[in-house]
Amino acid sequence: MMLNWWSSLATQIFRPFNKQKDFLLDKSRFLGAFAGKRGGKTEVGAIKSIMTQEQKEGYTPNGIDPFLGVIIAPTNDMLTRLSWKKFCAYAKPFIKSQKESPFKLIEWYDSVSGNESLVYGISGDRPERVEGLKANWIWIDEVFQCSEQLFLECIARVADTQGKIFCTGSLGVQHINPKNHWAYKYFKMANDNEFKCYEWKTIDNPHFPKSEIERNKNLLDARTFRAMFEIDWDTQPLHAVYDEFNDDNIINCKYNPNLPVHCSIDWGW
């Protein structure tokens, strides 16, 4: 499968590997693609977004609301350097016009008066930025650095259109317990058949040098390697804020129950 319907114009050709193909062909409304570092999850998020913006499945123009796609990254810097840049590189043949100020906006090539086709770029550090939007699809990149409040607001933004949400990201080493993250609850433990979860390791990406996998495997401790280059929801990274908290970390002490007891936690919580 090569997405080349615009290959005569494109400067970037995308050749998905098997894990990415499964994600791209899935028609579910809420899709999660979680991969190891450099696993190709941003690329597949960008391509899925382009396909959705171009195909406009089930969309009937009403002359008022545009067909609207929204790209979100945790910060404006990450949006500019990563998600937006990647999307624009692959979508170049479809871009009629583009502007960066006062906000990121793409006018799709099929946009006409009374039947607009637009893509917005928004940073996710303030969830209220998406309020008021009526989106047909939303792509949230690097979801493990985004809040649950943002995700829930995005669900509301696609409700009117019965639109889609795509979430992509890597676990990394910033989470002591990845299972506590909202992405695990909604995608991995989904109780709604419209939520689908796709996972793959960095080594599943045939474009990533295998020698670098081995180098990092030898360089890093086992837990940090699993956290960075594999999807292991049970891994507690060795270099996270606090390694592991269990009964072994509790020091027995005697205290007077008649006196006030104060407890404090200082582990970056």
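**Exercise 1.** Determine whether E153 and R157 are buried or exposed, and describe how their side chains meet.

*Solution.* Begin with accessibility, where buried means under 20% relative accessible area, exposed over 50%, and partly exposed in between, with a 1.4 Å probe and protein chains only. By this scale E153 is buried, and R157 is buried as well. Next, take the contact: the side chains of E153 and R157 meet in a salt bridge, at 3.1 Å from N to O, a salt bridge being a side-chain nitrogen of Lys or Arg within 4 Å of a carboxyl oxygen of Asp or Glu.

The model is predicted, with local features needing pLDDT of at least 70 and side-chain atom pairs counting only at pLDDT 80 or more, while totals for chains, interfaces and linings use all residues. Residues are numbered from 1 along each chain as its sequence is written, and side-chain values use heavy atoms, with hydrogens and water left out.

**Exercise 2.** Describe the salt bridge between R81 and D77, and state how accessible each residue is.

*Solution.* The side chains of R81 and D77 meet at 2.8 Å, N to O. Because R81 and D77 are four residues apart in helix 3, about one helical turn separates them. R81 has 45% relative accessibility and therefore counts as partly exposed, and D77, at 44%, likewise counts as partly exposed. In general, side chains of opposite charge can pair when their charged atoms come close.

**Exercise 3.** State which residue forms a salt bridge with D125, and how many salt bridges the structure holds.

*Solution.* The partner of D125 is R129, and the closest N and O atoms are 2.5 Å apart. D125, at 46% relative accessibility, counts as partly exposed, as does R129 at 35%. The structure holds 14 salt bridges.

**Exercise 4.** Work out which helix supplies the largest share of the lining of the largest pocket, and how that lining divides by class.

*Solution.* Helix 2 (41–55) and helix 3 (76–91) each supply at least two residues of this lining, and the largest share, seven residues, comes from helix 3. By class, the lining has seven nonpolar residues (Ala, Val, Leu, Ile, Met, Phe, Trp, Tyr, Cys and Pro), ten charged (Asp, Glu, Lys and Arg) and seven polar (the others, Gly among them).
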